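Visitor: Hi, I'm new to this one. Can you walk me through a few spots in it?

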Amino acid sequence: MFRISMLGLGAMGSRMAANLVKAGHHVTVWNRTAQAAQPLIDAGAIVAPTPKEAARNADFVIAMVRDDRASRDVWLDADTGAVNGMSADAVAIESSTLTPEWVRELGSHLATRALSFLEAPVVGSTPQASAAQLTYLVGGDADTLVRAEPVLKTMGSSVHHVGALGAAALAKLATNTLLGTQVTVLAELIGMLRRSGADAARVLEVIATTPVWSPVAARVSGLMLAGDFTPQFPVELIEKDFGYTLQEVGSDATAPTIAASRGVFRTAMEQGLGDENMTSVVKLFK
C-alpha cells in the first residue's frame with residue numbers, strides 16, 4: 001500500500017480519494033473548504049491543513065483542482081505549496097484539466113527540484129469517478145508512469161500514455177471540446193424537433209441506429225429529454241475548457257465551430273445555468 005495525498009476534494013477529487021481509501025492506501029487529503037473532507041475522514045483518511053503538509057512523506061501527490069491558477073497555488077505557493085513538502089522519491093500527478101503551457105511550466109519547476117512528475121487528466125464524470133472507471137490520459141516519462149500506474153488503476157479502468165508533458169492536456173481539451181460541441185448541437189436539434197411538433201425522443205432513437213450516432217450522444221440526449229440537469233459536468237467548467245482550447249488555437253477565427261459552441265455555454269452562464277449540468281443548455285432552445 002502507498003502513502004497518497006489528494007489535493008482538491010471537489011466532485012471528482014473526493015470520489016477519487018474515496019476509491020484510494022477503499023483500496024487500503026494511506027490517504028491524506030487537503031481542500032480549501034475543510035468540511036468537504038469530513039466523509040473521507042470518517043472513512044479513514046487524514047486531513048492536512050495545507051498542500052505542503054499533505055504532501056509530506058507521501059509516495060504520490062495527486063492534484064484535482066479547477067484551473068491553471070488553482071494548480072499553480074496548490075503546487076507552487078511559497079508558503080503552502082505541495083512541492084515544498086514532497087520527498088525526493090515522490091511522484092507528483094496533476095489530474096486537473098489545464099492548459100498545455102501551464103503543464104509544461106509546472107514540469108519545469110518540478111524538474112529543477114529533481115521531482116518526478118506526470119500529467120494525468122481524466123475522461124469521465126462523477127459516475128465514472130465513483131465507480132473507479134475513469135480513463136487516464138498521461139503525459140510524461142514512461143518509466144514514471146510504470147511506477148504510478150497501480151495507483152491510477154485504483155481510480156480508473158484504463159491508462160493511456162499519449163506523449164511528453166503537455167500532450168495529455170491537449171488530448172483532454174480535444175476530448176472535452178468534442179463532447180461539448182456534441183452537447184450544443186444536440187440541444188439545438190432537440191429544440192428544433194420540439195418546436196416543429198415532432199416526437200424528439202423517437203427521432204433521436206432512429207438517428208441512433210445510423211453511423212452518425214456516438215455513445216455519448218445517447219447519454220447526453222437522454223438527460224436532455226428527461227430534463228435531468230443534476231451537475232456531473234457543470235456548464236461553467238466546460239466553458240472554461242473551451243476557453244483553454246481556443247487559447248491553444250490562438251483565435252476564434254481559426255476554430256469558428258469551437259468558438260460558436262463556447263458561445264452557447266457562455267450564454268447559458270449569463271442566464272444563470274453555470275452550476276447546472278452541461279446538458280442544461282437545451283433550455284436555451286425551447
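Visitor: Which residues line the largest cavity?
Guide: In this predicted model, the lining is made up of E94, S96, L98, V103, E119, P121 and A169.

Visitor: And how do they divide into nonpolar, polar and charged?
Guide: The lining has 4 nonpolar residues, 1 polar one and 2 charged ones.

Visitor: How much space lies in there?
Guide: About 30 Å³ for the largest cavity.

Visitor: OK, new topic. Where is H25?
Guide: H25 sits in a loop, between α1 (11–22) and β2 (26–30).

Visitor: Is H25 buried or exposed?
Guide: H25 is buried, because its relative accessibility is 10% and the cut-off for buried is under 20%.

Visitor: What does the side chain of H25 reach?
Guide: The H25 side chain gets to the backbone nitrogen of F2, at 3.1 Å.

Visitor: Which residues does H25 touch, leaving out those up to four places away in sequence?
Guide: With those set aside, H25 is in contact with M1, F2, I4, L20 and T154.

Visitor: Let's switch to rings. How many aromatic pairs are there in the whole structure?
Guide: A search of the whole structure turns up 2 aromatic pairs. In one of them, the rings of F2 and F60 have centres 5.1 Å apart and planes at 85 degrees, so the pair counts as edge-to-face.

Visitor: Where do F2 and F60 sit in the chain?
Guide: They are 58 residues apart, so this pair links distant parts of the chain: F2 is in the segment before β1 (3–7), and F60 is in strand β4 (residues 60–63).

Visitor: What about F242 and F265?
Guide: F242 and F265 form a tilted aromatic pair, 5.6 Å centre to centre with 40 degrees between the planes. This pair also links distant parts of the chain, 23 residues apart: F242 is in helix α11 (residues 235–249) and F265 in helix α12 (residues 256–270).

Visitor: Are those two buried or exposed?
Guide: Both F242 and F265 are buried.

Technical notes:
Residues are numbered from 1 along each chain as its sequence is written. This is a predicted model: local features need pLDDT of at least 70, side-chain atom pairs count only at pLDDT 80 or more; totals for chains, interfaces and linings use all residues. Side-chain values use heavy atoms; hydrogens and water are left out. On a 1 Å grid over the protein atoms alone, a cavity is a set of points where a 1.4 Å probe fits but cannot get out, and a pocket is an open set with protein on both sides within 12 Å along at least five of seven lines; lining residues have an atom within 4 Å of a point. Grid points are joined across faces, edges and corners, and a volume is the space filled by probe spheres set on the points. Ala, Val, Leu, Ile, Met, Phe, Trp, Tyr, Cys and Pro count as nonpolar, Asp, Glu, Lys and Arg as charged, and the others, Gly among them, as polar. Helices (H or I, at least four residues) and strands (E, at least two) are DSSP runs, numbered from the N terminus. Buried means under 20% relative accessible area, exposed over 50%, partly exposed in between (1.4 Å probe, protein chains only). A polar contact is a pair of N or O atoms within 3.5 Å; within protein, one must be able to donate a hydrogen and the other to accept it, and residues adjacent in sequence count only if both atoms are side-chain atoms. Contact means heavy atoms within 4.5 Å. Rings of Phe, Tyr and Trp (its six-membered ring) pair if their centres lie within 6.5 Å; planes under 30 degrees apart count as stacked, over 60 as edge-to-face and the rest as tilted.
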